[in-house]
Amino acid sequence: LFSAVMVAARFRLSTVPSPHCSQPLRSGPPLAQLRTDTPPLLAPLPPLQPACRRPKPSRHTGLRTAVQRGIAIAKAATHAAAVLLVALLVALPLPTSPALAAAANAAPPQQQPAATVSHGRLFRYYGRASAAQASSSAAASADAAAGEAPSTVETGLPSVNLRLPGLEPPTPVGGARRKTSFVTAAVQAVGPSVVRIDTERLVDRPALEGYLFPDRGGEGDGQRRESGQGSGVILSEDGLIMTNAHVVKNAAKVTVTLIDGRTFDGLVRGTDEFMDLAAIRIKPSGKPLPTAPLGRSDELQVGDWAIAIGNAVGLDSTVTLGIISSLSRSAAEVGIPNKKVNFIQTDAAINPGNSGGPLLNEFGEVVGINTAIRANAAGIGFAIPIDTAEKAMKTLSAGGKISHAYLGISMLSLTPEAARLNNADPNSNVYLPEQHGALVLAVGPDTPAAKAGFRKFDLIVELAGTPISSAADAQRLVDETRVGQPLQVKVLRQQKQISLSVVTGDLSTRPERR
């Protein structure tokens, strides 16, 4: 079509009469007499043959001829652009409404609505409909013939899709997009079983506070009411909840709130201060309580994913993500030496209010109970291993008490290098054995260690037949010992080895420090 327009334009320009000749210019033989072996629309034009002699054109004559030729070229270009636009519209499919197409196919020919007729005109103008529209119309007709509603129904006027082929957005595999985050899956599985625990406790007033702020209702004489908040996780459908002991310590009232808004009065069944664990019972009502699946903390490795859930600083259901930074952190390393737990260290953010909430692995299983943070550091939190907590909960949920063995000494790990530095100091008042062991720094009065004859600066090198190279080794062996069990100990005192026998005591009955 474009070639035809250009040929016509050239033929028209060649027959423009000359102002210096009364006869028009001839363009050679007519188009019908061109060679038949060349396509008529693409045939080259023969050179122009003037019919009369032309005089030399003036400057004005050349300018006028150039203007006339420019106008003709512009008209030819306009016609060519129109032809290209029509060709593009013919090549594009005309979108149509599946509902209107189904109605047109289902209705008798003499009862077709006006909308169908207008669509037919549009089809004749554009030339054809797309195969996808034809298939959708056929599917809608089949549904109508079967007496079923079409699978998709569109209303309103059809919209013209001017998107070029190959530029459509990619269709997701399997239809709609799917979540692939393991964090999302873990939170959806365990999140409903994480609860908020609100507590109220009565504490003694300072000496002058009673004069400035009078007692309010429900508060005892010389006491005031304090509120606290923490987290917990539901372990069973009968209402057993695990949390930290410091969350419910001295609580006069405990309220448990679920993620769905239900609230229950909680009863503290048992606590263990040295493990920082507590068991709470609620009486479930209505729909069953959600529970959390428990994993195995002894399967954890440094670098595994860690997900912490809790009510951080009063913000319910806060989720943080990190990794397992370290395992078997002793209580002394953590900075709470009065605890009898080896902690899991994680960099998942643990904030006030997270205490008692679960620490999850990447499979959505509880592997720890969030407990403590380091106040002088960022990104360092600690959790009680679930293997330790699960054993303790069996005793605490029944109202029992957990016994912890102890000796009554303070220890420090000693290395040969540290001992040599001490011995080389002229101001040192003690000579230390230059070998590995647990160095006794203090002996508590009226404790099993004092009764057995332990002394300050004794170096423990063997305990219960096991070599000791650090204070952590000695502490672990004592924690694994039953209350009342005798232990054989070998110590170095003033470069002499001495054997001692000590019977472990119950930590809950140790004498109070003065």
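The side chains of Gln 345 and Arg 329 are joined by a polar contact of 2.8 Å. This comes from a predicted model. Gln 345 lies in strand β10. Is Gln 345 buried or exposed? Its relative accessible area is 12%, and buried means under 20%, so Gln 345 counts as buried. Leave aside its neighbours within four places in sequence, and Gln 345 still touches several residues. Among them are Ile 323, Ile 324, Ser 325 and Ser 326, and also Ile 380, Gly 381 and Phe 382.

Now take in the whole of β10, residues 343–346. In a regular strand, side chains alternate between the two faces of the sheet. Strand β10 has Phe 343 and Gln 345 on one side. Ile 344 and Thr 346 are on the other. All four are buried, and both faces of the strand are covered.

Which strands pair with β10? One is β9, residues 315–329, joined to β10 by three bridges. These two strands run antiparallel. Within this pairing, Ser 326 has Gln 345 as its bridge partner. Another is β13, residues 381–385, which pairs with β10 over three bridges, again in the antiparallel sense. Strands of a sheet pair through backbone hydrogen bonds, either parallel or antiparallel.

Next comes an open sheet of seven strands. Its order is β5-β4-β1-β2-β3-β7-β6, and the pairing is antiparallel. At the edges are β5 (263–265) and β6 (267–272), each of which pairs on one side only. From one strand to the next, the twist averages 30°. Look inside this sheet at β2, residues 223–234. Strand β2 pairs with β3 over two bridges, in the antiparallel sense. Ile 234 stands opposite Ile 241 of β3. Helix α9, residues 386–396, lies across β3, β6 and β7. The helix runs at about 50° to β7.

Turn to helix α12, residues 471–479. Which of its residues are buried? They are Ala 471, Asp 473, Ala 474, Leu 477 and Val 478. Seen down the helix axis, these residues fall within an arc of 160°, so they line one face of α12. An α-helix has 3.6 residues a turn, so residues three or four places apart point the same way. What covers the buried residues of α12? The cover includes strands β14, β15, β16, β17 and β18.

Two loop residues deserve a look. Asn 250 sits in the loop between β3 and β4. Its phi is near 55°, a positive value in a residue other than glycine. With 60% relative accessibility, Asn 250 counts as exposed. Ala 464 is in the loop between β17 and β18. Phi of Ala 464 is also positive, near 55°. Ala 464 has a relative accessible area of 45%, so it is partly exposed.

How far can the model be read? The protein chain averages a pLDDT of 76, and 66% of the residues score at least 70. Residues 48–53 stay under 50. For them the model has 10 contacts beyond four places in sequence. Residues 107–160 are also below 50. That stretch has 40 contacts beyond near neighbours in sequence. Where pLDDT is low, the predicted coordinates should not be read in detail.

Methods:
Residues are numbered from 1 along each chain as its sequence is written. This is a predicted model: local features need pLDDT of at least 70, side-chain atom pairs count only at pLDDT 80 or more; totals for chains, interfaces and linings use all residues. Side-chain values use heavy atoms; hydrogens and water are left out. Buried means under 20% relative accessible area, exposed over 50%, partly exposed in between (1.4 Å probe, protein chains only). The arc is that of the directions from the helix axis to the C-beta atoms. Contact means heavy atoms within 4.5 Å. Two strands pair if DSSP finds at least two bridges between them. Axes are lines fitted to C-alpha atoms, for helices over the stretch in contact, and angles run from 0 to 180 degrees between N-to-C directions. pLDDT is the predictor's confidence in each residue, from 0 to 100. A polar contact is a pair of N or O atoms within 3.5 Å; within protein, one must be able to donate a hydrogen and the other to accept it, and residues adjacent in sequence count only if both atoms are side-chain atoms.
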